[in-house]
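Hi,

Here is the structure I promised to pass on.

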Amino acid sequence: VIIIVCGDHQQSWKRGNDGKDFSDIDVAIAVDHMTLQASELGLGTCWVCNFDVKSCSEIFKLPSHIEPVVLLPLGYPDEEVKEKKRKPLEMIVHWEKFSGK
């Protein structure tokens, strides 16, 4: 199953002083909760953000204010657990000030 998670630019919150549209953040919050729930149910998933947005919008006949942001595949993972390659925390977290590394 693939879920298409969209942002609604007519409903999303806009910051008052500069009008920044928080649609992407709304979607991120929703997808984060969806991935946590999927994991709780024993399902595997991952964010897919590299896709053809224009084609997706055309296929699903989305109005211009609805933006597909994330494809979220859901399914049962292989029994074989693969080791994940992750960056060390020190490479992605900066304490007290940005170190520029």
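**What I found**

The structure holds one salt bridge, taking that to be a side-chain nitrogen of Lys or Arg within 4 Å of a carboxyl oxygen of Asp or Glu. The partners are Asp18 and Arg15, and their closest N and O atoms are 3.0 Å apart. Asp18 is partly exposed, with a relative accessible area of 48%, and Arg15 is partly exposed too, at 31%. For these labels, buried is under 20% relative accessible area, exposed is over 50%, and partly exposed is in between (1.4 Å probe, protein chains only).

Before I go on, some background: this is a predicted model, where local features need pLDDT of at least 70 and side-chain atom pairs count only at pLDDT 80 or more, while totals for chains, interfaces and linings use all residues. Residues are numbered from 1 along each chain as its sequence is written, and side-chain values use heavy atoms, with hydrogens and water left out.

Now the cysteines. There are zero disulfides in the structure, a disulfide being a pair of cysteine sulfur atoms within 2.5 Å. Cys46 is in none, and the nearest cysteine sulfur to it, that of Cys49, is 9.4 Å away. Cys56 is likewise in no disulfide, with the sulfur of Cys6 as its nearest, 6.4 Å away. As for accessibility, Cys46 is partly exposed at 41%, whereas Cys56 is buried at 9%.

On to the sheet. Three strands form an open sheet in the order β1-β3-β2, with antiparallel pairing. β1 (2–8) and β2 stand at the edges with a single partner strand each, so one side of each has no neighbour in the sheet. Strands here are DSSP E runs of at least two residues and helices are H or I runs of at least four, numbered from the N terminus; two strands pair if DSSP finds at least two bridges between them. β1 and β3 (residues 66–75) pair over seven bridges, and Val5 stands opposite Val70 in β3. Two bridges join β2 to β3, where Gly44 faces Gly75 of β3.

Gly44 turns up again in the largest pocket: 13 residues line this pocket, and Gly44, Thr45, Pro77, Asp78 and Lys84 lie nearest its centre. A pocket, on a 1 Å grid over the protein atoms alone, is an open set of points where a 1.4 Å probe fits, with protein on both sides within 12 Å along at least five of seven lines; lining residues have an atom within 4 Å of a point. Its volume is about 350 Å³, that is, the space filled by probe spheres set on the points, which are joined across faces, edges and corners. α1 (23–40) and β2 (44–45) each supply at least two residues of the lining. By class, the lining has four nonpolar, five polar and four charged residues (nonpolar: Ala, Val, Leu, Ile, Met, Phe, Trp, Tyr, Cys and Pro; charged: Asp, Glu, Lys and Arg; polar: the others, Gly among them).

Lys61, not a glycine, has a positive phi of about 50 degrees. Lys61 sits in the loop between α2 (53–59) and β3 and is exposed, at 71%. Glu96, not a glycine either, has a positive phi of about 70 degrees. Glu96 is in the segment after α3 (89–92) and is exposed at 88%.

Cheers
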